[in-house]
Amino acid sequence: MSTLELDRDRPAQGKLRVIDCDIHPAMNAWTEVHPYLAKKWIEHLTVFGSHLRHAFSEALTHPRMSPDAARVDAYPDEGGPPGSSLALMQSQHLNPNGVAFGILNPLRWNPGSQRNLDFGVALTQAMNTWQVERWVKNEPRLRASILIAQEDTEGSVAEIEARASDRNFTQILVLPRTDEPLGRRRYWPIFEAAARNNLPIAVHVGGTNGHPSTAGGWPSYYMEEHHAVAETMQSVVSSLVFEGVFERFPTLRVVIMEGGLGWIPSFNARMDKHWSRLRSEVPHLKRSPSEYVREHVWFTTQPMEEPGRASQLIDLFDRIGWDRLLFSTDYPHWDFDDPRHAFKAPLSEAQRAQLLYGNAQAFYGIG
Amino acid sequence: MARHVVATVDDIAPGQRKLVHVGGRDIGIFNVGGEFFAIANRCPHEGASLCRGRVVGLVESSEPGSYQLSRPGEMVRCPWHGWEFDLRTGKSFCDPRRTKVRAFDLKVEEGAALVEETLLRAETFPVSIERQYVVIEV
């Protein structure tokens with residue numbers, strides 16, 4: 001075992017060239033979306049506010065180690081929450097970290113989890129326009145995600161169609177703890193619209209949407225909830241596979257964001273084992289579950305696994321598939337991964353370039 | 001190795017820190033209740049600047065349900081992932097053997113003694129005999 005020592009800068013590496021698939025922009029206040037909301041919804045927001053399906057409407061369910069789950073060094077000097085300043089995002093992240101393209105995934109305000117479906121749809125429309133006007137138009141390296149209010153499929157499909165031809169948008173963002181497991185048929189019109197427009201479905205952790213945050217109920221500690229992203233993503237992937245979503249939509253692409261990576265090989269193996277014995281329960285599956293995952297599902301890298309032995313990380317990537325890994329930092333959140341140091345294994349220049357840039361370039365068709 | 005004057009003791013109030021660059025290294029100088037410590041600024045995990053982190057005490061527990069807070073202000077938490085480093089040793093609490101930053105020898109010395117020293121490097125300011133200075137060896 002070697003001692004971790006980063007006291008000195010590493011010898012100069014090739015110039016960093018990164019596509020960051022997970023950046024979280026923030027608003028200073030609700031008023032930022034007012035220009036894009038109908039008057040009646042501004043009034044609704046003012047009178048009734050935002051009502052999510054989980055309790056503590058504007059708060060996270062567990063206190064984070066740091067407010068806003070943010071890097072302590074990501075607060076703008078001029079005030080406002082981390083992620084609200086484009087200038088700081090540029091000087092602290094995009095420029096020094098060689099980010100050629102960055103994909104925005106707005107999480108706060110959880111429009112998909114709004115109890116009032118019509119308000120949720122209006123909010124997605126406003127926040128989608130906000131992403132373009134506030135961010136992409138001012139920073140050509142950034143790309144937006146189409147937020148949808150997934151419990152209102154009709155409203156979601158309309159919003160997908162409205163944005164699909166706009167090159168500022170790269171994907172459709174869904175939060176994973178949907179009212180029913182994500183593969184259920186009520187969500188199929190969304191997958192149909194995604195496939196029709198060749199837009200990936202990005203599933204990013206965020207909020208609980210009224211469900212306990214772990215499969216065993218509400219935990220005591222943030223550390224337990226933080227780990228529960230893995231089991232949440234497992235339920236997303238198994239639902240998509242076993243409901244037959246990938247049989248019905250053979251060109252659909254899904255990217256699982258911020259769910260960790262270490263569980264994927266064992267989860268695939270377990271699904272395959274069950275399928276070999278119980279296949280007749282799901283005869284609509286024509287192939288083993290892991291084949292659907294290998295063909296249809298990508299994974300963002302942050303929070304990167306740190307197994308302690310470099311060979312285990314390489315083995316993990318071998319088993320997931322090197323071409324399925326999309327680099328992400330999670331800026332400005334506290335568990336940010338730095339592109340120089342995220343992979344604690346010796347990678348060839350070609351492997352590094354593939355993980356940091358090439359895979360996302362091919363996946364999103366940018367760059 | 002050389003000795004470097006990096007601050008006057010008044011530059012860094014108790015609980016505060018100062019980032020200095022000496023001998024090709026970024027080093028954080030921390031004042032813990034009047035005692036000064038110097039550690040490498042760069043977190044060994046992913047390279048964040050430790051000087052941007054929060055200074056905290058050490059929370060421990062003898063059994064579930066009990067909390068003991070000791071050594072107030074003697075730990076710095078990395079501003080990103082929260083690793084806790086002991087300002088006295090540079091060692092992390094959870095993995096002291098492998099995950100650690102270098103701690104540098106630091107002394108507080110009288111200006112009157114320093115002005116006599118020929119091998120000394122005062123990086124940014126003149127040394128006057130009336131004041132006290134933070135001196136590290138790098």
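**View 1. Three strands of chain B form an open sheet in the order S5-S6-S7, with antiparallel pairing.** The model is predicted, and local features are reported at pLDDT of at least 70, side-chain atom pairs at pLDDT 80 or more, whereas totals for chains, interfaces and linings use all residues. Residues are numbered from 1 along each chain as its sequence is written, with chains lettered from A and ligands numbered from 1 in the order in which they are written. The edge strands, each pairing on one side only, are S5 (54–60) and S7 (84–86) of chain B; strands are DSSP runs of E with at least two residues, helices runs of H or I with at least four, numbered from the N terminus, and two strands pair if DSSP finds at least two bridges between them. Neighbouring strands of this sheet are turned by 60° against each other on average, direction ignored.

**View 2. Strand S5(B) pairs with strand S6 (residues 68–77) of chain B in the antiparallel sense.** Six bridges connect S5(B) and S6(B), and Val59(B) has Leu69(B) in S6(B) as its bridge partner.

**View 3. Strand S2 (residues 99–104) of chain A is mostly covered.** Five of the six residues of S2(A) are buried, a residue being buried if 20 or more other C-beta atoms, placed from the backbone, lie within 10 Å of its own. Strand S1 (residues 18–23) of chain A runs parallel to S2(A) and is joined to S2(A) by four bridges, with Val99(A) in S2(A) as the bridge partner of Val18(A). S2(A) also pairs in the parallel sense with strand S3 (residues 142–147) of chain A, over two bridges, and here Leu142(A) in S3(A) is the bridge partner of Gly102(A).

**View 4. Helix H8 (residues 264–278) and helix H9 (residues 289–296) of chain A pack with their axes 7 Å apart.** The angle between H8(A) and H9(A) is about 140°, taken from 0 to 180 degrees between N-to-C directions, with axes fitted to C-alpha atoms over the stretch in contact. The two helices, H8(A) and H9(A), are therefore oblique to each other, the class left after under 35 degrees (roughly parallel), over 145 (roughly antiparallel) and 65 to 115 (roughly perpendicular). Asn268(A), Met271(A), Asp272(A) and Trp275(A) of H8(A) meet Pro289(A), Ser290(A) and Val293(A) of H9(A), where contact requires C-beta atoms, placed from the backbone, within 7 Å.

**View 5. Chain A and chain B meet in a contact of 18 residues from chain A and 19 residues from chain B.**

Key:
Two residues are in contact if their C-beta atoms, placed from the backbone, lie within 7 Å. A residue is buried if 20 or more other C-beta atoms lie within 10 Å of its own, exposed if 12 or fewer, and partly exposed in between; C-beta atoms are placed from the backbone.
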